[in-house]
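Good morning, and thank you for making time for this presentation. Please turn to the sequence and the structure as they come up on the screen.

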Amino acid sequence: MIMNKILIRDARIINEGRSFVGSVYIEGDKIAAVFEGDVPAYALSEANQRIDASGKWLMPGVIDDQVHFRDPGLTYKGDMESESRAAVAGGVTSFMDMPNTKPQTTTIPDLEWKLNRGAEVSRANYSFFFGGTNDNIEEIHGLDRHRVPGLKLFLGSSTGNMLVNKKEALERIFGETGMLIAIHSEKEEIIRRNIQYYTSLYGDDLDISFHSKIRSEEACYQCSAEAVELATRLNAHLHILHISTEKELSLLDADRPLGEKKITGEVCVHHLWFHDGDYARFGNRIKWNPAIKTIRDRAALRKAINTNQLDIVATDHAPHLWEEKQGSCLKAASGGPLVQHSLVIMLELAMEGFFSYEKVVEKMSHAPADLFHIDRRGYIRPGYYADLVLVDPKQVWTVSKDNILYKCGWSPFEGYTFHHAVWKTFVNGELAYSDGQVNDAVRGREVRYL
């Protein structure tokens, strides 16, 4: 077989805090060279595919550290094939899937099933968190640390047996495993107390405006603060997922470089875009756990991207059928599909001046690669896997049913007009998406951790 040699010419390369016009030469699955200015004669002559990227932006592919692709057991609303197709259409080349599926990913055989499924159907590179429970510490000790990004713990409400609430189990997981521990952080007791309070006043048929009052700032902060105390005392690496409040930012450190932090934080695109004043317009379409909070919280989260209090931007992509999103705030499903639109959401916010385009690349590509110690992904560097996204910064388009690739068939951004579009996405040097079409022959690879 002839090795594919691709030359991407004259793009604006956004990478490692810089932006410059240059070209990238790909040999097989890896980046062979990055050129600033003129392209050497050998690359011009040896390339068997040339892409004129004049006027386009070239960035490392997005690494999303929190998705729910619903495989296995919940595939009626999304699956690894459908959602990875949406991912590459959105410039996401690697993902880390969460363990709350059916069955839950809390045993090594269940993890191996997901890894095999990813190899069969995923268009993007794939990886899976392992779920911690009150009683699976021996399974955790048996994990191959090169094959999982870390442990996922639910410290607030959850389904099945994934709520870890026994002190002994928490102490052992934080103290013994030596693994990154990612948490969903909302305090169950406060949520239950708030439900009782508001239903006693207004009945059970509460509208969506009560969601952020029930899953309140204090429910998030108290749970996060307790987890930080535990991690600090036991010297564990704690990663707080989907931070939604200004108050929680006080638990994070802006002064240390990422590689020295033991407490890190993720923010999701919906908490950077929406605020609780949007409930009246969007209703249950923007019902997530943790809830969308105030406009002040949103402003603080945006600022924390620039100060590096927040380390990673992700999605918490969690598709539900439209029928499941109906009803009161106590009945409608929480979560929504985002992975196809996360990069353009962030580029839109950068266009509006909230942060630089270089910062978007840092938080969506570089920082996930560094924080999770991913093997040769997340940067445009020679020797790294050619996971790349080309963006058209001048294409104006509107999200509609016709261009949504999520299996659930809807998006909270339907009707919104974006001013950037993903043009092409490369996964391990293969063109996985181009000009609106997914290449269904492409398969991603298992993400490995150093």
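Is Glu16 buried, partly exposed or exposed? Before I answer, please note that what you see is a predicted model. Glu16 has a relative accessible area of 40%. Buried would require under 20% and exposed over 50%, so Glu16 is partly exposed. You will find Glu16 in the loop that runs between β1 and β2 (18-27). Its backbone deserves a remark: although Glu16 is not a glycine, its phi is positive, at about 55 degrees.

Asn308 sits in the loop between α11 and β13, just after the helix α11. With a relative accessible area of 26%, Asn308 is partly exposed.

That brings us to helix α11 itself. The helix covers residues 295-307, 13 residues in total, and spans 19 Å from its first C-alpha to its last, close to the 18 Å expected at 1.5 Å a residue. Which residues of α11 are buried? They are Asp297, Arg298, Ala300, Leu301, Arg302, Ala304 and Ile305. The elements that cover these buried residues include α8 (217-234), β12 (263-268), α9 (269-273), β13 (312-314), α12 and α13.

Two of those covering elements also pack against each other. Helix α12 (residues 342-351) and helix α13 (residues 357-371) meet at an angle of about 145 degrees, and their axes are 9 Å apart. Their crossing is right-handed. On the α12 side the contact is made by Ser342, Leu343, Met346, Leu347, Ala350 and Met351, and on the α13 side by Tyr357, Val360 and Met364. Of the residues in this contact, eight are nonpolar, one is polar and none is charged.

I turn now to charged pairs. How many salt bridges does the structure hold? The number is 34, and I shall describe some of them.

In one, Lys5 pairs with Glu46, with the closest N and O atoms 3.8 Å apart. Lys5 belongs to strand β1 (residues 5-15) and Glu46 to helix α1 (residues 41-46), so this pair ties together parts that are 41 residues apart in sequence. Glu46 is partly exposed, at a relative accessible area of 36%.

In another, the side chains of Arg147 and Glu446 meet, at 2.8 Å from N to O. This pair links distant parts of the chain, 299 residues apart: Arg147 is in the loop between α4 (137-141) and β9 (151-154), while Glu446 is in the segment after β19 (437-438). Glu446 has a relative accessibility of 16%; since that is under the 20% cut-off, Glu446 counts as buried. Arg147, at 27%, is partly exposed.

There is also a network of salt bridges, which links Glu81, Arg85, Arg123 and Asp440.

Next, some individual positions. Ser82 is found in helix α2 and counts as buried, with 12% relative accessibility. Setting aside residues up to four places away in sequence, Ser82 touches Leu405 and Lys407.

His68 lies in the loop between β6 (62-67) and α2 (80-89). Is His68 buried or exposed? His68 counts as buried, at 8% relative accessibility. Beyond its neighbours within four places in sequence, His68 is in contact with Asp97, Met98, Asn100, Asp316, His317, Ala318 and Pro319.

Ser334 is located in the loop between β13 and α12. Not counting residues up to four places away in sequence, Ser334 touches His211, Lys287, Trp288, Asn289, His320 and Lys325. Ser334 and Arg285 are 49 residues apart in sequence, while their C-alpha atoms are 8.8 Å apart in space.

Finally, a word on peptide bonds. In general, most peptide bonds are trans.

Thank you for your attention.

Methods: Residues numbered from 1 in each chain as written. Predicted model: local features only at pLDDT ≥ 70, side-chain atom pairs only at ≥ 80, totals over all residues. Heavy atoms only, no water. Axes fitted to C-alpha atoms, helices over the stretch in contact; angles between N-to-C directions. Helix = DSSP H or I, 4+ residues; strand = E, 2+ residues; numbered from the N terminus. Left-handed = near helix turned anticlockwise from the far one by under 90°. Contact = heavy atoms within 4.5 Å. Nonpolar A, V, L, I, M, F, W, Y, C, P; charged D, E, K, R; others polar. Salt bridge = Lys/Arg side-chain N within 4 Å of Asp/Glu carboxyl O. Buried < 20%, exposed > 50% of the residue type's maximum accessible area, 1.4 Å probe, protein only. Expected span 1.5 Å × (residues − 1).
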